[in-house]
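Q: I have a chain to look over and would like to go through it piece by piece. Please put it up.

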Amino acid sequence: MSDAPTKTTRKRSRMREAFALGGETVEAGASATIDLPISRLSTRTEITMPVRVLHGRKPGPTLFVSAAVHGNEIVGVEMIRRLLKNVSVKRLAGTLLCVPVVNAYGFTAHSRYLPDGRDLNRVFPGSERGSLAAQLANVFSEEIISRSDYGIDLHSAGTHRENLPQIRYSPGNDKASELADIFGAPAIVESPLRAGSLRQTADEAGCTMLLMESGEALRFDEFAIRVGVRGILRVMAHLGMDVRKQPAPAAPAVRSDGSRWVRASQGGIFRASKTTGSMVREGEEIGSISDPFGDHETPITAPLTGLIIGRTVMPVVNQGDALAHIARVKVPGTADARLTAIEEAALDDPLFDEDEIM
């Protein structure tokens, strides 16, 4: 009897090994949703972290895309939903891990925090026997970050604030800087790692990561969603994950090496004269604060030349409240024109039809 390998065994030898996650396996060329156990509520209701695994037949990197680390930052959830509609596991090279709701507790409660009052993005990498937040962070670190070569974490502004779509990456990380350019968001901000953050843990694990900020808490923002989905697909194509090739960004992003918040010098009613996405010069007025009668007006000026990447949407302010977040831009040049081109291209994107966005 011949010992020569059959066609079937040769085909199996060329296939990738199954992907293991949470004690389950996903075969090459298949997708599955795996619920990673977290805890039980006082009612015995089980809380899990659902992960959609797309494990391609062809070799390639493992990329995670996560959202709702802060439970009220829901815009990334919609980005992941649309992303999954544009990725075919039959064509995929590598593995895509989608975690649309990392913090299920905050998500269902419409809250940034966990029931123990902790900010999940300050306790990574967590621990098995720590607080609820630490245990949740530990599950994500061990099951997702440790298995990934790359990551994209999706965030929005906090309550009563809005952010321009922007990518943040770690200083000195040339690979992340390259991917930030590929992503094609309006702005790129070099942002130091924060202790206890998911991004710091990924960096220490050798996982190259981008963080996207965009939109408002508890709101969908169509411009942000379109920029996010297209950007993730661009990164995947660049990494050789065999998704459909994406059009190049309409214009280069506005780059910044740092940012600063402008704060209210007094309490009152804030009326903004500049909005998110506006370029401002040092000393230029960006709004004013007055008493409710309008008898006393205090102008608020930009302390540096740059791009407004975030701002408050709450007119009633107290002394010290954050009003506008300005990213320093050393050479403004054609920034306004580039931002306009990126916005127009995103809102005229044929990837999304009218039925999808209604």
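Q: Start with S5 and S6. How many bridges join them, parallel or antiparallel?
A: Six bridges join strand S5 (residues 58-67) to S6, and the two run parallel. Strands pair here if DSSP finds at least two bridges between them. Helices (H or I, at least four residues) and strands (E, at least two) are DSSP runs, numbered from the N terminus.

Q: Before we go on, what are the ground rules?
A: This is a predicted model, in which local features need pLDDT of at least 70 and side-chain atom pairs count only at pLDDT 80 or more, while totals for chains, interfaces and linings use all residues. Residues are numbered from 1 along each chain as its sequence is written, and side-chain values use heavy atoms, with hydrogens and water left out.

Q: Back to S6. Which way does S4 run against it?
A: Antiparallel: strand S4 (residues 46-55) is joined to S6 by four bridges. Val53 is the residue opposite Leu97 in S6.

Q: Is S6 buried or exposed?
A: Mostly covered: seven of the seven residues in S6 (residues 93-99) are buried. Buried means under 20% relative accessible area, exposed over 50%, and partly exposed in between (1.4 Å probe, protein chains only).

Q: And what do S5, H2 and S6 make together?
A: They make a right-handed β-α-β unit, with helix H2 covering residues 75-84. Right-handed means that, with the strands pointing away from the viewer, the path from the first strand over the helix to the second runs clockwise.

Q: How many residues of H2 are buried?
A: Eight of its ten, so H2 is largely enclosed by the rest of the structure. Among them are Val75, Met79, Ile80 and Leu83, along with Glu78 and Arg82.

Q: Change of topic: how many residues has the largest nonpolar core?
A: It has 88 residues, and those with the most contacts inside it are Leu96, Phe140, Phe183 and Met236. Helix H7 (residues 222-238) gives the most to this core, with nine residues. Apart from it lies another core of 14 residues, among them Val262, Val280, Ala302 and Leu323. A nonpolar core is a set of buried Ala, Val, Leu, Ile, Met, Phe, Trp, Tyr and Cys residues joined through side-chain atoms within 4.5 Å.

Q: What is Phe140 in contact with?
A: Leaving aside neighbours within four places in sequence, Phe140 is in contact with Met49, Phe64, Ser66, Val99, Val102, Phe124, Ile145 and Leu198. Contact means heavy atoms within 4.5 Å.

Q: Where is Leu179, and is it buried or exposed?
A: Leu179 is in helix H5 (residues 174-183) and is buried, at 2% relative accessible area. Its contacts, neighbours within four places in sequence aside, include Tyr150, Leu210, Val235 and His238. Leu179 and Val235 are 56 residues apart in sequence, yet 6.3 Å apart in space, C-alpha to C-alpha.

Q: What about phi of His160 and Leu218?
A: Phi is positive in His160, near 65°, and in Leu218, about 60°. Most residues other than glycine have a negative phi. His160 lies in the loop between strand S7 (150-155) and strand S8 (161-169), and is partly exposed at 45% relative accessibility. Leu218 is in the loop between strand S10 (208-215) and H7, and is partly exposed at 33%.

Q: Last one: how does the radius of gyration compare with a compact globule?
A: With 358 residues, such a globule would be near 21 Å and the protein chain has 22 Å, which agrees. The radius is taken over C-alpha atoms, and the globule rule is 2.2 Å times the number of residues to the power 0.38. The C-alpha trace spans about 100 × 50 × 40 Å along its principal axes.
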